[in-house]
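Subject: A structure for you to look at

Hello,

I am passing a structure on to you, and below it you will find some notes to go with it. Please have a look at it first and then read on.

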4 protein chains.
Amino acid sequence: MTTPRIGFIGLGAMGAPMAMNLVKAGYAVTVFDLSPPAVNRLRDAGATAATTAREVGENSDVAITMLPRSAHVEAAVTGEYGLYRGLAKGAVHIDMSTIEPSASKRFAELAQENGLRMFDAPVGKSTAAAAAGVLTIMAGGDPAVVDECRPILDVMGEIVYHCGSEVGAGAAVKVVNNLVSGGILVVVAEAMGLGVKAGVRPEIMVEVLGATGAANWQLANTLAQKALKRDYEPGFAISLIHKDCGLGAQMAEDLKVPMPVSGLVKQQYEAAMAAGHAGLDWGGYLKVIEAAIGEDVAFGAA
Amino acid sequence: MTTPRIGFIGLGAMGAPMAMNLVKAGYAVTVFDLSPPAVNRLRDAGATAATTAREVGENSDVAITMLPRSAHVEAAVTGEYGLYRGLAKGAVHIDMSTIEPSASKRFAELAQENGLRMFDAPVGKSTAAAAAGVLTIMAGGDPAVVDECRPILDVMGEIVYHCGSEVGAGAAVKVVNNLVSGGILVVVAEAMGLGVKAGVRPEIMVEVLGATGAANWQLANTLAQKALKRDYEPGFAISLIHKDCGLGAQMAEDLKVPMPVSGLVKQQYEAAMAAGHAGLDWGGYLKVIEAAIGEDVAFGAA
Amino acid sequence: MTTPRIGFIGLGAMGAPMAMNLVKAGYAVTVFDLSPPAVNRLRDAGATAATTAREVGENSDVAITMLPRSAHVEAAVTGEYGLYRGLAKGAVHIDMSTIEPSASKRFAELAQENGLRMFDAPVGKSTAAAAAGVLTIMAGGDPAVVDECRPILDVMGEIVYHCGSEVGAGAAVKVVNNLVSGGILVVVAEAMGLGVKAGVRPEIMVEVLGATGAANWQLANTLAQKALKRDYEPGFAISLIHKDCGLGAQMAEDLKVPMPVSGLVKQQYEAAMAAGHAGLDWGGYLKVIEAAIGEDVAFGAA
Amino acid sequence: MTTPRIGFIGLGAMGAPMAMNLVKAGYAVTVFDLSPPAVNRLRDAGATAATTAREVGENSDVAITMLPRSAHVEAAVTGEYGLYRGLAKGAVHIDMSTIEPSASKRFAELAQENGLRMFDAPVGKSTAAAAAGVLTIMAGGDPAVVDECRPILDVMGEIVYHCGSEVGAGAAVKVVNNLVSGGILVVVAEAMGLGVKAGVRPEIMVEVLGATGAANWQLANTLAQKALKRDYEPGFAISLIHKDCGLGAQMAEDLKVPMPVSGLVKQQYEAAMAAGHAGLDWGGYLKVIEAAIGEDVAFGAA
C-alpha cells in the first residue's frame, strides 16, 4: 500500500512525543487536541493542525486516538464533528488510550457500523519511552489489520504484542499487567514495613528477596532505585496506578470476576490518594506504610 | 579452632539431607529425631545416634536444630533431657527452623542464661537444594559467632546472608521473603484469572508481563513452568506457604504492624486449604481462581 | 399553593406503585416510561400518558424521576425532548432514583441553570412498602423546597428524613445505609459459617447473637426469617445490593475515602454474582459461605 | 445434691466480681490468684484463700477458672500443683475464660482422663454486668452437668444459653458473637466516615440507619451513646476485641474456614493498636477512620 496519511488525536504527555515520532519518521500527520499550545508544538514540527476530530478523519487513512478515559474517546469519535464522520470507508482507527476493554469493544462495533476497521493498542512504559519510541504496545483485533499498521506502530514502540484477535484484548492485557505490577508493589511495601519494624535494614531485604522466589521488577527498580532513596519524582504517578486499578475493577465487574486482593490493593492506593500522595511516583506508597507503622521507623536514609 | 563436633536435631525432609551433607563433609555428627528410621539412615551413613537431645548436646560443640515449629524447638532445647542441659558453656546452638522471630529471641535469652551462644539461620529454597547443599541461609545474631560457624553453614548452603546482629533477624527476613513470594503468587493468579475470563491466552500474559514492570519470579517459574502445565507436584506445598503466612501474621501481631493485604492473602491460601489443595504445589492456587471464575474457563491445556 | 400537577418518569417495580398512590390520592399525574404496558396500566388507573419526558414537564409543577441509574436520569432530563425543556421556571424536580451523590449534584446545577428547583429523595425498603405507601424517604436539598413537597412525599412514604441542605445528601445517606446493611450481612454470614463448621446449630446463634452487642436487623430478618429457612425469594436481590456497593465505591472514589472493608464486601457479592446467585434474595449470600466451608455443612434444614 | 463447695481461680476485672457474687450468695468459696491483693479482697469478703490451684481443687466440688488465655488455663489445671491434681473424682471444672474452642476440647479430654467432669461457659457483656450478676453465659458440654451447675451459673448470670453438647460449643458461640459485633463496628464506622466526608451529620445517619435494615446494636450504643460523644472510657477495650479477633482467626485456621472479611476486620483493629488506641473503648476505632479521611473532618462535636 502507499504510505498512509496519519491522524492523531490527543497530544498529552504520552500522545505528543508519539505523534512527534511519526512526524520525524516522515509521515504526513494531521493532529487535533483541545489545547492550542499542544497543537502548535506539533504544527511547528511539521504536522498539519485540524480544528475538529472530523477534520482529522477527512485527512487520514489511519487515525490514532491517545486520550485519558473512554469518555474522551467517545467524545472524539462520535457526533457531528467526530472522527468517524470524517474517515472514509475502509480507513483504520487505532485507539491507543488505556481504557476498559468493554469500551474498546463498543468502539469497534461503532466503527464497523461506519464501515471502518478498528483495533485497540494501549501502551506500556513511561513518557521517556514514548519520546525514545521504545514503547511496549499491546494490540488486540484482526491480525491482518494489525499487521498492515505494524510499520506505524514500530515507529512508536520497541515491541508490539498481538494479544488476541478480538478488539479489547490489548486493553485486557494492559489492565492485567498493571493490576499485577500495582499489586506487587503493595505486597512488597507492606512486607518490607514488617521487616523494618523488626529492625532489618531495607538493603538486606532488597538483596535477599532479589535472590529468591520473591524476586520482582518493582523491588529492584521502583523501590530500590527510587523510593528507598527518597526519590518520588513521578515516572508513573500514584494517580495513574490508582486509575488503572479502577479500570481493573470495572473490567472485573463487567466480566463477573471476584477479585478480593486487587480490590483491596485499590483501596491501599485510595489511602495514598486520601493522604495527598497522588502526584508522587508509585513507590511513594511507602509513605502509607510508614504512617501505619509509626513515624519513628524510617525506610532508607534521612 | 579445631574442627567442631556437630549435633543435629530434626531429620525431616529438609534436616536429613542437611545432616547428611555434614557427614559427607567429614564432620563428626551426632543426630537425634523422634523417628527411629530417620536416625538409622544417618547412622548408616556415618553419624552417631543419640537417644535424647541432651545427649546430642553432650557430644557437640555446635548443635543445629531443624524442626517444624517453635513448640518443637522449645521441647528440644528445654527440660531435663533437653539440648541446653547437654551443651558445655560457650557451645553454639544454631536454630535453622522457620519460626517466628519472637521465639528465636526467646531461645537466645535462654541460651545466654545457660552460658551458650546462639543464632538463628532459617533456610530458603527446597528439599532438592538441601540435598545439593545449595540452600539460601539467612542468619541473624552476633556476626563473630556467625562467621565462626560459616564453614559449617557453607556445607549446607550456597549463600549465607547475615541479616542483622540481633537473633531473630534471619527469621524476620525469611518471613518477609515468604510473605512477598506468597503474596505475589496470589496477585498474579487473580489478575491472570481476569485475563483468561476476557479471552486472553495465558501464554500471552506470561510473555507480556515478563517483559514489563510486572515481571516476577513466580510468574516465570511456579506458574509458567509448572501450574500452567498442570504440574502440581509439590516443590513448595500450599500447606507450607499457608504456615508461613501464619508466621507472618504472628510476627505482625507481635510488632503491632497492620498488614491488610498479607492478611487477605493468608485467607486465600486458607480457601485453598479448605478446598482440599493443601498438598499441591503452591501454583495449585490457580484451582481456587478457576473455581471462582467458572468451571468452563481453563488455564493451560487439558 | 394550589394543588400541584405531578409528573412521573420511570414506572418500574418501584416507580409504578409510587405513581399509582399519587393517582389514588387525587393528584393529576402525567406519566412517561419507555415500556408502553407500564404506561397503560397507569393510564387505566387515571393518569395521563405522555410520549416524551418533555411533555411530562409541560404538564407538571412537580416532576418526579424514578430510574435505575444516573445515565437514565441524564437521558430523561437533558436534550431536546428532556424534562428540563418542558418544565416552567420555578417548577420542582425530585429525583427519587438511587444514584451516586455526585450525579445528584450535577443534576441540581443543571436544574438551576434552567431556572428550576431540584432535590434528591431516594427511598429505602421494598416494593411491598412502595405499594403500601410506607417507604422511607431520604431527602437532600433546600429545606423550604422539601417542605413544600412534603404532602406529595407523604403519599408515598411513611417517614421523610431531611438529610442535609445540599442536593445529594439523600443519596449519600442512602448509600451509607446500604453499605452498612450489605456489610453486616456478609459479616454475620461469614461468622455463622464458622459456627456451623464448629458444630453449633444456626438457631442457637440467632438466639444468642440477638441478645448481645451483636444484635442486628439482618440477622433477625434476612437470615432468620428467610435464608435460614431456605427462602431465597427476592425482597432485595443480590444484584441490587451489588449495584449499591458499586455506588458506594464510586462515591468513595469521588470523595477520596479509602474503604477497605466495604471494598472487600463488594467482592463477596461479586463472588455471589459469579456463582450465579444474582437473582436470589440477598440472604442467598449464605450459599457462597456454604461453598467455601464444604458441601456437607448445611445451614438450616433441608 | 448438697450445696457444693466452690473453687474460683482468676480474680481479675471479671473474675473478682463473679467470685464475690458467689460469696454473697452464701456459697463456701475457695479462691486463688497470682495477685495477693486480689485474693485479700475476696478473703475479706468471706472467701477462703488458697496458695495453689491444687489446694483450690482439694476444697471444691465445682471449680471455676476465669483467666485471660488458654495458656493460663493450662498452667492452672495441669502439673504438680494444678487444679486437676486437687479435685476429687467426679468433681466439676467450669472454664469461663474466653479461649479458643480447640483448647476447651483439650481441657475436656484431660479432665476426663482425670475422672473429672468439665464444660466451658464463657460470658458476654461487661464488668458492670459481672458486678450486677447479669452476665450472658454461653455453656457447652453435657446438658446434665450444665443443668446440675445451673444454680451456680444463675448467681453470676442473667441468662444461660446451652450452646451444644460438646465442650467448646460455648467458646465457639462466644467467638462467633464477638466476630459479629467487632465486624459490625468496623463496617458502620467505615461507612459513616464516607457519610461525614460527604457532609452528612452523624446524628442524621444514626437516626436513619437505626430505622432500616441497617439497624444494629453497635450503632445505637457503642457509637451513638459513647464514641460520637467523644467518650472513649473503655466498657470493652480495643485490645479486647483485637484479642477476640485473634481467637476467631485461630478457630478458623483450626477448622479450615476461610474468613476474608473477618481477617481484614482484625487488621483494622491491628491498625488501631498500632496507632496507640489499645486502651480506648472499641468505639475509639472511629479515630482510625478520622485519620484516614483527614484531620479536618470530625465526627461529633469538639
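What rotation, and what shift along its axis, superposes chain D on chain C? The answer is a rotation of 180 degrees with 0.0 Å of shift, which brings chain D onto chain C with an RMSD of 0.1 Å. For this, copies are superposed by least squares on the C-alpha atoms of residues with pLDDT of at least 70 in both. The two copies are thus related as by a two-fold rotation axis. In chain D, Asn216(D) has the C-alpha nearest that axis, 2.0 Å from it. Both copies use the same surface, as 100% of the contact residues of chain D recur in chain C.

Before going further, some background. This is a predicted model, in which local features need pLDDT of at least 70 and side-chain atom pairs count only at pLDDT 80 or more, while totals for chains, interfaces and linings use all residues. Residues are numbered from 1 along each chain as its sequence is written, and chains are lettered from A and ligands numbered from 1 in the order in which they are written.

Now to the contact between chains D and C. Each of the two chains gives 59 residues to it, where two residues are in contact if their C-beta atoms, placed from the backbone, lie within 7 Å. On the side of chain D that touches chain C, the elements that each supply at least two residues include β8 (135–140), β9 (157–164) and α10 (169–197). Helices (H or I, at least four residues) and strands (E, at least two) are DSSP runs, numbered from the N terminus. The most comes from α10(D), with 20 residues. By class, this side of chain D has 40 nonpolar, 15 polar and 4 charged residues; Ala, Val, Leu, Ile, Met, Phe, Trp, Tyr, Cys and Pro count as nonpolar, Asp, Glu, Lys and Arg as charged, and the others, Gly among them, as polar.

Chain A also touches chain D, with 5 residues of chain A in contact with 6 residues of chain D. On the chain A side, α13 (260–274) and α14 (286–293) each supply at least two residues, and α13(A) has the largest share, 3 residues. That side of chain A is made up of 5 nonpolar residues, with no polar and no charged ones.

Finally, chain A itself is assigned domain 1 (6–165) and domain 2 (172–293), with bounds from an automatic or database domain assignment. Their C-alpha centres lie 30 Å apart.

Best wishes
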